[in-house]
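Colleague: Hello! Could you walk me through a few parts of this structure, one question at a time?

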Amino acid sequence: MKALVIGAGVIGCSVALELRRAGWDVDVVDKNGDAGHGSTSASCGIVRRFYSQPGMIAMAHEAASIWADWAGYLGPVDDGLARFLRPGMLFIPPRIDDAARATLAEMQRLGIAARLLSADDVAREFPFLDTASHHPTKPVADPEFFEETGSRIEGAVFEEDAGFVVSPGVATHNLRRAGERDGVRFLLNTEVTAVERNGRDAFLTRMNDGTARESDVVINVAGPHSGRVNRLAGVELQLETRALRREVHLLKNPRFEEGSTASLPIVGDLDGGIYFRPEGGGRDVLVGSTEPACDEPEWIDDPDDFDHNVTELYRERQCYRLMKRFPEVGYGAARGLGALYDVTLQDWYPIADRTDVPGYYVCIGTSGSSFKTAPVLGKLMAELVEAQRNGVDTDKQPLQLALPRIDATVDTSFLSRLRKPNVSTGTVIG
Ligand SMILES: Cc1cc2nc3c(=O)[nH]c(=O)nc-3n(C[C@H](O)[C@H](O)[C@H](O)COP(=O)(O)OP(=O)(O)OC[C@H]3O[C@@H](n4cnc5c(N)ncnc54)[C@H](O)[C@@H]3O)c2cc1C
């Protein structure tokens, strides 16, 4: 049986490897010159388990075990391997409410080392962080932006062994090499221009170089181009994906110590509207946004046409917010990049499912937070494809995905195309 995977990002490469492991003959097509040169190349690679959906907490926990055993997961590859650094991650939700407590309880139930800190605990354990509360986050232009708020954060959740992968591009190349070793073919510099039915049970996928490939199944893993590829295949979903432009900025890390990468944890500051982590061996701090309601989202209609550079608007927003939380940081020169998320508009969770066109699958809408779960999503997609081949209607009998490394099983219907929107923060945090 032949599978054609559209997109050689971290998820496309994971899907391809897992399908190959399940015995499929796999081609991966990408219009770029190498794997991982799409939105994956801009990823911050953060691996945390703090999510509002229990299913995603479990999948991210399984994935963390894979990243910690990357060489074992891949098997022998002739490539320098991505590294997984684990300085821990501090989440500062706007409130320590029932939702935050439920997330923490679920993490602890799964054996994740996470604990609740009071504002005083945060001040003691991370004295370089300011514990003022800034919720609801204000726009930089607000005259009160820099004013004292007079209130403190309610507390934080510290996930002790959260971390990040250095680098997402290297990790994706590792997956490509592992796939090739096992027989996956990569058709690079090749753009899919049409996906047509070829008889009842097969597809003919046309490329921009005039060639075409036959396959039994097609899997859309096209990242921010996911909606466009669905249109090429004439596939409509009730959930909508859309490209959202984001920026990440780099500033000097005032706490840098030569030879140490643990001077700074990762911080998910939903109270302040940002996330940040150490970068460049700890020399820099990288800062992104958690989509506070006061910032107008920048939806992009053409994912081939957007500004890849940083802009003054985002720089002020993200860097000034960082400087409020981490006052030792100085402003410095503009450094960073612009990139796209592929967002599931209704709930910011991926859509990993079959479609109403038999044999056509999607693993899309990854909403800025699915680098970490790529190997698990790859396995999920391979099992979905296998289930359909064996005559199982996964709409009626949702796939129960085994997560062997954490000894759990996850009901994958929360990633179905037919789901009611999941409870979510409606941001990259999920
Ligand atoms: C700035 C930023 C920061 C992020 N930070 C994190 C993080 O800290 N942690 C985390 O877990 N996740 C993070 N993410 C999200 C994560 O990186 C993505 O979910 C993941 O990389 C998506 O991988 P993908 O393989 O689906 O897509 P992509 O990497 O975008 O790959 C899709 C590929 O499809 C190809 N393609 C598209 N259309 C066609 C076509 N017609 N023909 C041929 N090829 C085509 C593209 O060239 C591209 O290479 C971040 C994302 C961004 C942008």
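Modeller: Gladly. Helices and strands here are DSSP runs, numbered from the N terminus, and please keep in mind that this is a predicted model.

Colleague: Thanks! Which residue with a positive phi follows H9?
Modeller: H9 covers residues 374–389. The residue to look for after H9 has a phi near 85°, and it is Gly-391.

Colleague: How far apart are the end C-alpha atoms of H9?
Modeller: H9 has 16 residues, and at 1.5 Å a residue these should span 22 Å.

Colleague: How many of the residues of H9 are buried?
Modeller: A residue counts as buried if 20 or more other C-beta atoms lie within 10 Å of its own. In H9 the buried residues include Ala-374, Leu-377, Met-381 and Val-385. H9 is largely enclosed by the rest of the structure, because the buried residues number 12 of the 16.

Colleague: Are H1 and H9 parallel, perpendicular or oblique to each other?
Modeller: The axes of H1 (residues 10–21) and H9 come within 7 Å and cross at roughly 50°. Angles of 65 to 115 degrees would count as roughly perpendicular, and those under 35 as roughly parallel. The two helices, H1 and H9, are therefore oblique.

Colleague: How many nonpolar residues does the contact of H1 with H9 have?
Modeller: H1 passes H9 in a right-handed crossing. H1 contributes residues including Val-10, Ile-11 and Leu-17, while H9 brings Pro-375, Leu-377 and Met-381, among others. By class, the contact has 2 polar residues, 2 charged ones and, as for nonpolar residues, 11.

Colleague: Is Thr-366 buried or exposed?
Modeller: Thr-366 sits in the loop between strand S21 (360–364) and H9. Beyond its neighbours within four places in sequence, Thr-366 is in contact with Ile-11, Asp-342 and Pro-350. Because Thr-366 has 31 C-beta neighbours inside 10 Å, it counts as buried.

Colleague: How far apart in space are Thr-366 and Thr-137?
Modeller: Along the sequence, Thr-366 and Thr-137 are 229 residues apart. From C-alpha to C-alpha, their separation in space is 25 Å.

Colleague: Last one: which strands are among what covers the buried residues of H8?
Modeller: H8 (residues 312–325) has 14 residues and reaches 20 Å from its first C-alpha to its last, close to the 20 Å expected. Its buried residues include Tyr-314, Cys-319 and Leu-322. What covers the buried residues of H8 includes strands S14, S15, S16 and S17.

How values were computed: Residues are numbered from 1 along each chain as its sequence is written. This is a predicted model: local features need pLDDT of at least 70, side-chain atom pairs count only at pLDDT 80 or more; totals for chains, interfaces and linings use all residues. Helices (H or I, at least four residues) and strands (E, at least two) are DSSP runs, numbered from the N terminus. The expected span of a helix is 1.5 Å times one less than its number of residues. Axes are lines fitted to C-alpha atoms, for helices over the stretch in contact, and angles run from 0 to 180 degrees between N-to-C directions. Angles under 35 degrees count as roughly parallel, over 145 as roughly antiparallel, 65 to 115 as roughly perpendicular and the rest as oblique. A crossing is left-handed if the near helix is turned anticlockwise from the far one by less than a right angle, and right-handed if clockwise. Two residues are in contact if their C-beta atoms, placed from the backbone, lie within 7 Å. Ala, Val, Leu, Ile, Met, Phe, Trp, Tyr, Cys and Pro count as nonpolar, Asp, Glu, Lys and Arg as charged, and the others, Gly among them, as polar.
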